[in-house]
Amino acid sequence: MKKQENITTIKKDSRTEREVIIDIRDLYKSFGKVRVLNGFNLRLHKGENLVVMGKSGSGKSVMIKCLIGLIKPDSGYISVMNNEIKTLNRDTLDILRSDIGFLFQGSALYDSMTVRENLEFPMRRHKKRLGLVSDTTPMVLEALESVGLAHAIDLMPAELSGGMKRRVALARTLILKPKIILYDEPTSGLDPITSKEIIELMLSIQAKYGTSSLIITHDVDCARVISDRMILLVDGINYAEGTYEELITSTDPKVEAFFKK
Ligand SMILES: Nc1ncnc2c1ncn2[C@@H]1O[C@H](COP(=O)(O)OP(=O)(O)OP(=O)(O)O)[C@@H](O)[C@H]1O
């Protein structure tokens with residue numbers, strides 16, 4: 001079978017001349033009387049690690065769900081690789097989603113499947129994109145090697161530590177060679193050393209695959225190491241934007257509040 005044509009096209013940011021991968025403009029979303037997003041804007045450029053921080057309940061997950069078409073915003077413009085989300089039918093949205101890797105807090109492995117079977121799972125779901133794959137082993141091994149776990153291919157999830165499980169989940173997102181990776185709290189629940197390993201892995205994956213990443217985190221150390229740029233989501237808007245250094249030296253009380261230990 002011929003590999004499915006890529007539906008993506010890229011446009012340039014007129015201000016910076018950098019390729020825009022995700023473009024969110026004037027996003028509004030309320031639930032009943034609660035206004036969560038109140039004109040939120042975000043641009044993710046090619047190859048960039050963009051961190052979004054916001055306190056609990058500020059709307060980070062709602063923003064991501066709008067981005068991938070799981071929640072309908074009240075208004076606003078969202079495009080991913082120049083495809084406006086609200087104009088896509090289900091099939092096209094599905095193809096686009098296969099270009100996006102997800103590492104979410106709840107992205108658990110299937111306990112009854114081996115590591116290999118866990119990695120093969122998305123390959124079955126996205127057969128059209130991959131074309132005919134007669135032997136999955138090289139792809140599974142390549143993804144596992146990228147996270148340093150080729151030796152764990154035949155283990156069951158119960159035999160893995162928390163950090164190893166997170167790495168296998170990351171390998172599972174890599175198997176489809178995504179152009180974008182969305183990370184939701186990639187280091188939550190991990191000890192500082194394992195968190196550091198995951199952050200280093202995220203950096204090495206970006207270098208190897210050239211992915212663009214949107215990272216939601218409360219972990220200031222993670223933000224410091226991983227971010228090229230940061231957005232602070234406060235009161236439903238992109239309240240502050242800049243590099244880690246720019247934000248950490250800000251004297252704005254709402255910005256300072258994020259960095260207080
Ligand atoms: N489906 C829904 N129906 C009603 N309210 C919702 C729904 N989804 C989210 N909300 C509300 O929207 C607000 C933002 O929630 P969201 O999950 O985006 O926060 P968050 O910034 O991701 O928080 P956390 O850091 O704790 O994960 C919350 O007040 C939440 O209760």
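User: How do β4 and strand β9 pair, parallel or antiparallel?

Analyst: Pairing is read from the bridges between two strands. This is a predicted model. Here β4 and β9 (residues 212-216) pair in the parallel sense, over 4 bridges. One of the partners to look for is Ile216 in β9, which bridges to Val52.

User: Which residue in β10 is the bridge partner of Met53?

Analyst: Met53 has Leu232 as its partner in β10. β4 and strand β10 (residues 229-234) run parallel, joined by 4 bridges.

User: How many residues of strand β4 are buried?

Analyst: Burial is read residue by residue, then along the strand. In β4 (residues 49-53), 5 of the 5 residues are buried, so the strand is largely enclosed by the rest of the structure. Check both sides. Asn49, Val51 and Met53 point one way, Leu50 and Val52 the other, and all are buried.

User: Which residues have the most contacts inside the largest nonpolar core?

Analyst: That core has 62 residues, and those with the most contacts inside it are Ile22, Val51, Val52, Ala171 and Leu232. The largest share of the core, 6 residues, comes from α6.

User: Leaving aside neighbours within four places in sequence, what is Ala171 in contact with?

Analyst: With those neighbours set aside, Ala171 is in contact with Leu119, Ala143, Leu144, Ser146, Val147 and Leu149.

User: Now the helices. Which residues of helix α3 are buried?

Analyst: For a helix, look down the axis. In α3 (residues 115-125), the buried residues are Val115, Asn118 and Leu119. They fall within an arc of 95 degrees, so they line one face of the helix. These residues pack against α5 (137-146) and α6 (162-174).

User: How far does helix α7 reach from its first C-alpha to its last?

Analyst: Compare the span with the expected one. α7 (residues 192-209) has 18 residues and reaches 26 Å, close to the 26 Å expected at 1.5 Å a residue.

User: Which residues of α7 are buried, and which are exposed on the other side?

Analyst: Ser195, Ile198, Ile199, Met202 and Ile205 are buried. They cover an arc of only 120 degrees around the axis, which puts them on the same side of α7. Ile193, Glu200, Ala207 and Lys208 are exposed on the other side. The buried residues of α7 pack against α5, α6 and α8 (220-226).

User: How many helices and strands does the protein chain have?

Analyst: The chain has 10 helices and 11 strands. Buried residues make up 35% of its 261 residues.

Technical notes. Residues are numbered from 1 along each chain as its sequence is written. This is a predicted model: local features need pLDDT of at least 70, side-chain atom pairs count only at pLDDT 80 or more; totals for chains, interfaces and linings use all residues. A residue is buried if 20 or more other C-beta atoms lie within 10 Å of its own, exposed if 12 or fewer, and partly exposed in between; C-beta atoms are placed from the backbone. Two strands pair if DSSP finds at least two bridges between them. The arc is that of the directions from the helix axis to the C-beta atoms. Two residues are in contact if their C-beta atoms, placed from the backbone, lie within 7 Å. A nonpolar core is a set of buried Ala, Val, Leu, Ile, Met, Phe, Trp, Tyr and Cys residues joined through C-beta atoms within 7 Å. The expected span of a helix is 1.5 Å times one less than its number of residues.
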